[in-house]
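Please keep the sequence and the structure in view while reading.

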Amino acid sequence: MDDSTRTLIGTATDAARNAYIPYSHYPVGAALRAKDGTVYGGCNVENAAYPTTICAERVALVKAVSEGQRVFEAIAIVTPNGGAPCGTCRQMLYEFAPNLRVILAKPDGTVVYDGVLSDLLPRGFGPESLPDVIP
């Protein structure tokens, strides 16, 4: 494992420590690296009204986009068992980076998946899926 991957996993692991998880007790941390090298961390934040819960991946993505980032290279996601992102997170990430490198790891650094987002969301729907519209 190279240093940049190790660092990304470490950032995601650190972010998971901030997770607000009073219901699931399932901490998730994410670290999204933009093309310019800036890394945005995120953790899951649960809510008693379950649909308003937000996943770590979306927290990291929204932080990055709100800072003007639009091009992403990689995301590391750390969960207790190396779980994959939910469908909503996959879709939101796909909007910006269908070929995003996705690294799924456990808190001890064990990598359980290292591949591309498009393999996790086959036949994904992105901006290129919309027809050209002329007002």
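## A buried glutamate and the salt bridges

E46 is buried (under 20% relative accessible area, with exposed meaning over 50% and partly exposed in between, for a 1.4 Å probe and protein chains only) and yet has no salt bridge, the nearest side chain of opposite charge, R58, being 11 Å away. A salt bridge here is a side-chain nitrogen of Lys or Arg within 4 Å of a carboxyl oxygen of Asp or Glu; Lys and Arg count as positive and Asp and Glu as negative, while His and the chain ends are not counted. The model is predicted, so that local features need pLDDT of at least 70 and side-chain atom pairs count only at pLDDT 80 or more, whereas totals for chains, interfaces and linings use all residues. Residues are numbered from 1 along each chain as its sequence is written, and side-chain values use heavy atoms, with hydrogens and water left out.

E46 is placed in the loop between β2 (39-43) and α2 (56-66), the helices (H or I, at least four residues) and strands (E, at least two) being DSSP runs numbered from the N terminus. Its side chain reaches the backbone nitrogen of Y23 at 2.9 Å. Beyond the neighbours within four places in sequence, the residues in contact with E46 (heavy atoms within 4.5 Å) are Y20, I21, P22, Y23, S24, H25 and T53.

One of these contacts, H25, lies in the loop between α1 (3-16) and β1 (29-34) and has a positive phi of about 60 degrees although it is not a glycine. Most residues other than glycine have a negative phi. H25 is exposed, at 58% relative accessible area. R123, in the segment after α4 (117-120), also has a positive phi, of about 55 degrees, and is exposed at 85% relative accessibility.

The structure holds four salt bridges, among them the following.

| Pair | Closest N and O atoms |
|---|---|
| R6 and D3 | 2.9 Å |
| R33 and E73 | 3.1 Å |
| R101 and D114 | 2.6 Å |

R6 and D3 are three residues apart in helix α1, and therefore separated by about one helical turn. The salt bridge of R33 with E73 links distant parts of the chain, with R33 in strand β1 and E73 in strand β3 (residues 72-78), 40 residues apart. R33 is buried at 15% relative accessible area, whereas E73 is partly exposed at 37%.

Definitions and conventions:
A polar contact is a pair of N or O atoms within 3.5 Å; within protein, one must be able to donate a hydrogen and the other to accept it, and residues adjacent in sequence count only if both atoms are side-chain atoms.
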